[in-house]
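Dear colleague,

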Amino acid sequence: MDAREGRALRGDDGRSAPQRGRRSTAGGGGAWRGLRAMAALALLLVLPLALAGCGEQGPAVAIVAGSENKPLEPLVQEFCAKRRATCTVSYLGSLDMGFALKSQTQPLQADAVWPAASIWIDLFDEGRKVKHLKSISQNPVVLGVRKSKAEALGWTRGDVTTADIIAAVERGELKFLMSSATQSNSGASAYLAMLTTAAGKGDVLTAQDLGDPAIQEKARALLAGVERTSGSSGWLGELFLDQDAKGTHYAAMWNYEAVLMETNQALVARGSEPLWLVYPKDGVAVSDSPLGYLDRGRGAAVEGFVEDLQSFLLSPEIQARIAATGRRIPLAGAAAIKPVPAWNFDPGRPVTAIRLPEPKVIWAALTLYQEALRRPSLSGLCLDVSGSMEGAGMDQLHQAMGFLFSPDATRDLLVQWSPQDRIYAIPFTAVPGTLEQGSGAPADQARLRTWGEALAAGGGTDMYACARAALRAMGPDLAGGRYLPAIVILTDGRSTDGLDAFLGDWRRDGRKVPVFGITFGDADRTQLDQLTAETGGRVFDGRKDLVDAFRAVRGYN
Amino acid sequence: MAISRRALGLGILGLSAAATGALIYGRSSPLLRGYLGEAEKLFGFIGGEKERFVEDPEVVSLLRRQGGLVLDARRAGSIEMVREPALLDQHPQFLWPSSSVLVDLARASGVKIQRDQVILNSPIVVYSWDGIARGLAASGYATADGEVRYRLDLAKLLNAILAGRTWADVGVGALYGSLRLLSTDPNRSNSGFMFAGLAANLLAGEVVTPSTLPAVLDKVAAIFTRMGYKPSSSGKMFEDYVAGGPGAQPLVVGYENQLIEWVLEDEERWRRLNSDGTAKPVILYPEPTVFSAHPLIAIAPEADRLIELLMGREAQQIAWTRHGFRGPLGTSGEIENPLVRDRILPRLDQVVPMPDFRTMLALIDRLAA
């Protein structure tokens, strides 16, 4: 039976049914009543047959997933197509997903959530709206190091511990890419594993450990090795490859085992040096990639659909296909993919997983990362105050500045500044305006906030000139290598061309500063795309929510 | 043939009107009673571990056929259901938590109990993996009873955890770091709750009472602190165990029936697991252990019939053969499933009672801190 027939059958029955219903309420003789009841009963028996038609249209289902699940979307769509359902998969960082789950005002618009790890659901889902969580794959977060570097460090010949990694960073022999611990699960996992192992007890991290100066010092030393960070592990993997193609060969990256395998496949395909996977012997964090149903009142059909999707993804056939992507799969689902000894990649190898602490200790650890342990930010902010920003544009910019420099607001979302950070803010029109600078100390933030909320619009647009001014201002701080730098440009228009002049300065400065863009109003995205691609940055859309765009970009700096 | 959405909607509306009409009619017509049944709905709360049993088509049919009952059983935490006003205010006709202690707690919360009867039993066990179990046996923490079945000296293991022993110290060289045993959050889930009681009993050397509890409170708290992040339900804990494997979930507290149910749910998966080279799940039976009894608390008189039916031979057999629940006396069923036979201890001789509910409340309050 095809879909059209299925609907037609129900339609025919449906048209005659109300009449029967009405007549039965009118009443009648006993025999007649019995016959009517029989007819109704017959109808009841037919109904399930009609509904069970194989052409049944499935529901429209929204799924929110972590970026590391992107390679598995085709499997999800395969199931949705089979069920004639419309599935939209959007990607959000684990923390973003958590904040959205918690939000009363802007609840998460999704029927299924598929974050990197269960812990984020437990931390944020206060209303217990997520149900039927099941692990689809198991993903250790490990360190990938260029093979020659791993050989030089002696790591290809035996077990490596976290202490070995800390020592290499302290000797200045190792730098790595790692996503933000406060914005992304892989970064949080790597960070919590480092803290746990740095505590050295082979035990669960406690609140007391977090206050221990010796442990803090070790964690800070390790995080000094962060060369680039990001709000997303998927994007970090892309950055690694993209920069490799452009001639910047990063030495190492913390990421999921499977993402490192994908990275290696791409590196080998282009003749670049692959990464050697380091599984610290004293413990790695393992993410469980759970898929769950988010109850927002859509009823049993959607709930059943999500459970069926789980069963599909956990069926032996699909588990085998998931295993082929380098992911580990829950017990007996399918055999792991073959190891690649040349990369030390082996998803069949058992790892000692670190035990995550209690939720309140996790939160305290993330706050400590953001406020004290991470590599300090060196931020150049270029703010477009050209004439076209007049009115609503400036209102939103003032709001965004109000958010960015309010410690209470930023702390709630774990993007707060620390007194170690350096901020250079420059308003620009056709020419850069007067620079305002400060650290992330509360008094400096208050001053920056007053300044930002008083900015006025008027004039032309040249973001390149502002970016050059920012680079000049950041110059002295760049030299020491203490800071994690970034230039963030907010613009709503089209700049007079100055890309080459900026890139000239940028190259002379050692190509160290990525440029991020936030689009606004009628911004010409092509200019920002070009600028960010050249420098290893990323463009954020600020048109819907400027405050949120500023929050997101903080995860990359 | 095209049909408008509105016409379709009207059609479905009509159908449901007709269906309702038929149902109303059927109730009063002896002719149709046999088809539609004179089912009585019973509303109540059950612990999540019994959800599959209650939803088992054989159980549904049995209750309907023999007692004319249809259950509207909603899942709730065993501890919540006997003391949360939000749940009790919904006027459940029955409660089916997973520990006998909770009957007293229900009474203390003002629940009017008509009758209570233990229907099922499942011992608290520790789940582990073949390699780890062999190590524990070699170092005297466990005793092999057959090939893949172990008895666990839980008191000794708890003391090793308190003494900060490493895995290597207890004969498990493959794992790094401190020995650890995980359970669910005792304030939210019954298996964690019962494990807390068992641990307190073992550390005290007797069933703890309000007067002997203070002496062991710190030790029990230390064991729970070392677990770190604890799942909120026994179901999630077991899922984590099978998904995580020996590296992530080396020793995990659960109910005996969870593995049996998992095996029976997909027998092919179990055969596959036993034929490949990966680690195999193993049950360690703590000696002594506690039984998670599943007392059905009848609040409405109609729930009495439910108790009678579930105590019947047929329901008890389904509970054992399809879900791994032991009967009211803690004995295993007569029919043995060859797939799990070697992993199950048919008789448990060393069973201790749980501490009384006042002691338990004092204990879990401390563990919440």
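At what angle do helix H16 (residues 392–404) of chain A and helix H22 (residues 546–554) of chain A pack, and how far apart are their axes? They pack at an angle of about 40°, with the axes 8 Å apart, where axes are lines fitted to C-alpha atoms over the stretch in contact and angles run from 0 to 180 degrees between N-to-C directions. That makes H16(A) oblique to H22(A), since angles under 35 degrees count as roughly parallel, over 145 as roughly antiparallel, 65 to 115 as roughly perpendicular and the rest as oblique. By class, this contact has 7 nonpolar, 2 polar and no charged residues, with Ala, Val, Leu, Ile, Met, Phe, Trp, Tyr, Cys and Pro counted as nonpolar, Asp, Glu, Lys and Arg as charged, and the others, Gly among them, as polar.

Please bear in mind that this is a predicted model, in which local features need pLDDT of at least 70 and side-chain atom pairs count only at pLDDT 80 or more, whereas totals for chains, interfaces and linings use all residues. Residues are numbered from 1 along each chain as its sequence is written, and chains are lettered from A and ligands numbered from 1 in the order in which they are written.

Helix H8 (residues 185–199) of chain A and helix H15 (residues 359–373) of chain A have axes that come within 11 Å and cross at roughly 100°, which makes H8(A) roughly perpendicular to H15(A).

In chain B, strand E4 (residues 115–129) runs antiparallel to E7(B) and is joined to it by 4 bridges, and B:Val126 has B:Val253 as its bridge partner.

Best regards

Notes: Two strands pair if DSSP finds at least two bridges between them. Helices (H or I, at least four residues) and strands (E, at least two) are DSSP runs, numbered from the N terminus.
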